[in-house]
Amino acid sequence: QDATRVEDMFDGVLVDAPCSATGTARRRPDVLRKDLDLEALAATQAALLDAAWRCLKPGGLLVFSSCSALTADAEASFAAFLER
């Protein structure tokens with residue numbers, strides 16, 4: 001199901017965001033060799049966070065998870081979400 005079209009309300013939402021996977025480099029060094037489109041990842045993360053927020057009940061818990069080691073990846077996306 002498309003997460004941006006969920007209309008139900010939940011006590012908690014887990015966003016396991018797609019990311020650069022740089023946090024897995026020790027086990028998968030090939031991730032460091034691929035071209036990363038951080039702008040596209042950030043846009044996807046932003047859309048998922050916004051969708052999660054819309055379906056979170058007041059007082060609910062939002063958990064954002066990412067395996068990225070890059071600040072420009074998931075950390076920056078979450079910081080931008082908090083500013084919106």
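How many disulfides does the count come to in this chain? By the rule used here, a disulfide is a pair of cysteine sulfur atoms within 2.5 Å, and the count comes to zero.

Okay, before I go on, a quick word on what we're looking at. This is a predicted model, where local features need pLDDT of at least 70, side-chain atom pairs count only at pLDDT 80 or more, and totals for chains, interfaces and linings use all residues. Residues are numbered from 1 along each chain as its sequence is written, and side-chain values use heavy atoms, with hydrogens and water left out.

Back to the cysteines. The sulfur of Cys67 has its closest cysteine sulfur in Cys19, 3.3 Å away, and that's too far for a bond. Cys67 is partly exposed, with a relative accessible area of 33%, while Cys55 is buried, at 5%. For those words, buried means under 20% relative accessible area, exposed means over 50%, and partly exposed is in between (1.4 Å probe, protein chains only).

Now the overall layout. The protein chain has two helices and two strands, and if you read along the sequence you get β-α-β-α. Helices (H or I, at least four residues) and strands (E, at least two) are DSSP runs, numbered from the N terminus. The C-alpha atoms fill a box of roughly 40 × 25 × 20 Å, taken along the principal axes. Of the 84 residues, 30% count as buried.

Let's look at helix α1, residues 38–54. How far apart are its end C-alpha atoms? They're 24 Å apart, which agrees with the 24 Å that its 17 residues should span at 1.5 Å a residue; the expected span is 1.5 Å times one less than the number of residues. The buried residues of α1 are Leu41, Gln45, Ala46, Leu49, Ala51 and Ala52. Here's a handy rule: an α-helix has 3.6 residues a turn, so residues three or four places apart point the same way. And what covers those buried residues of α1? The cover includes β1 (10–16), β2 (56–65) and α2 (71–83).

Last stop, Val63, which is found in strand β2. Val63 touches Val13, Leu14 and Val15, leaving aside residues up to four places away in sequence; contact means heavy atoms within 4.5 Å. Leu14 is 49 residues away from Val63 along the chain, yet their C-alpha atoms are separated by 4.8 Å. Val63 is partly exposed, with a relative accessible area of 36%.
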